[in-house]
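Try each task by eye before you read on.

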Amino acid sequence: MTVAETMRRKLTETFRPTRLEIVDDSHKHAGHAGARPEGETHFSVEIVAAAFAGKTRVERQRLVYSVLAAELSDRVHALALQTRTPAEDPPRG
Amino acid sequence: MDATVSERIKGDITSNDVVLYMKGSPVFPQCGFSAAVVQVLTHLGVKFKGIDILQDPSLRQGIKEFSQWPTIPQLYVKGEFVGGCDIVREMFDSGELQQLLTDKGVTVKAA
């Protein structure tokens with residue numbers, strides 16, 4: 001299972017998101033500190049879940065970080081996060 | 001966490017209105033996420049103290065434990081943790097960052 005797949009599974013199980021996008025940005029950071037030739041070090045995650053309602057931005061991101069603690073302490077060097085509730089999610093397109 | 005590191009962080013965030021824990025210096029950021037926050041603060045004309053965590057491994061680990069936040073950069077305003085790069089950018093875009101700084105008595109350049 002790739003790192004992205006593992007993160008998707010963990011986030012889905014915990015937050016039951018209505019939308020979850022995980023983008024591997026590692027190629028943009030090739031050669032930077034923390035980058036690995038095999039990639040999967042830098043990610044952007046957009047997650048929309050009712051579980052974030054009533055929580056501050058800091059609380060929401062801490063929740064996500066805690067679920068992905070193993071990945072963050074090992075392989076994942078950077079994780080850009082957008083956390084929203086379904087009501088805050090702007091319509092697509 | 002080492003008590004001296006914790007004391008040092010407390011000292012820095014209480015004696016400076018705005019503190020940014022970052023990789024590199026405000027003039028030469030060593031990471032795109034740190035650079036992005038420097039850019040926001042500079043754009044707002046906010047005077048801040050940048051602390052380069054790459055210079056000190058104990059601080060690099062210590063600030064993560066102190067803030068319960070696993071990534072760098074980290075922004076503090078008047079001793080209070082505001083967030084990392086994503087949060088700072090979102091708050092800047094929505095105007096909440098400018099409001100927070102003003103509410104806390106930090107001078108922000110008029111847009």
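This is a predicted model, so treat each exercise as a reading of a prediction.

**Exercise 1. The core**

Task: find which residues of the largest nonpolar core touch the most other members.

Solution. Start with the core as a whole: it holds 45 residues. The ones that touch the most other members are V19(B), L20(B), Y21(B), V37(B) and V88(B). Next, pick V37(B) and look around it. Leaving out residues up to four places away in sequence, V37(B) touches L20(B), M22(B), P73(B), L75(B), C85(B) and V88(B).

**Exercise 2. The sheet of chain B**

Task: work out the strand order of the four-stranded sheet in chain B and say which strands stand at the edges.

Solution. Walk across the sheet: the order is 2-1-3-4, the sheet is open, and the pairing is mixed. Now check the ends of that walk. Strand 2 (49–52) and strand 4 (80–83) of chain B each have a single partner strand, so one side of each has no neighbour in the sheet. On average, neighbouring strands here are turned by 25° against each other, ignoring direction. For one pairing in detail, take strand 3 (residues 74–77) of chain B, which runs antiparallel to strand 4 of chain B and is joined to it by three bridges.

**Exercise 3. Two helices crossing**

Task: describe how helix 1 and helix 3 of chain B are set against each other.

Solution. First, the axes: those of helix 1 (residues 3–15) and helix 3 (residues 57–67) of chain B come within 10 Å and cross at roughly 70°. Angles of 65 to 115 degrees count as roughly perpendicular, and the two helices are therefore roughly perpendicular to each other. Then list who makes the contact: V5(B), S6(B) and I9(B) from helix 1, with S58(B), L59(B), G62(B), I63(B) and F66(B) from helix 3. Sort these by type and you get five nonpolar, three polar and no charged.

**Exercise 4. Where the chains meet**

Task: find which element of chain B gives the largest share of the side that touches chain A.

Solution. Count the contact first: nine residues of chain B are in contact with 11 residues of chain A. On the chain B side, strand 4 and helix 4 (85–94) give two or more residues. Helix 4 of chain B has the largest share, with three residues. By type, this side splits into four nonpolar, three polar and two charged.

Now look at helix 4 itself. C85(B), D86(B), I87(B), V88(B) and M91(B) are its buried residues. The buried residues pack against both chains, including strand 3 of chain A and helix 5 (96–103) of chain B. Just after the helix, G95(B) takes a positive phi of about 90°.

**Exercise 5. One phenylalanine**

Task: decide whether F33(B) is buried or exposed.

Solution. Locate F33(B) in helix 2 of chain B. The cut-off for buried is 20 or more other C-beta atoms within 10 Å. F33(B) has 21, so it is buried. Leaving out residues up to four places away in sequence, F33(B) touches A78(A), P73(B) and C85(B).

How values were computed. Residues are numbered from 1 along each chain as its sequence is written. Chains are lettered from A and ligands numbered from 1 in the order in which they are written. This is a predicted model: local features need pLDDT of at least 70, side-chain atom pairs count only at pLDDT 80 or more; totals for chains, interfaces and linings use all residues. Two strands pair if DSSP finds at least two bridges between them. Axes are lines fitted to C-alpha atoms, for helices over the stretch in contact, and angles run from 0 to 180 degrees between N-to-C directions. Angles under 35 degrees count as roughly parallel, over 145 as roughly antiparallel, 65 to 115 as roughly perpendicular and the rest as oblique. Two residues are in contact if their C-beta atoms, placed from the backbone, lie within 7 Å. Ala, Val, Leu, Ile, Met, Phe, Trp, Tyr, Cys and Pro count as nonpolar, Asp, Glu, Lys and Arg as charged, and the others, Gly among them, as polar. A nonpolar core is a set of buried Ala, Val, Leu, Ile, Met, Phe, Trp, Tyr and Cys residues joined through C-beta atoms within 7 Å. A residue is buried if 20 or more other C-beta atoms lie within 10 Å of its own, exposed if 12 or fewer, and partly exposed in between; C-beta atoms are placed from the backbone.
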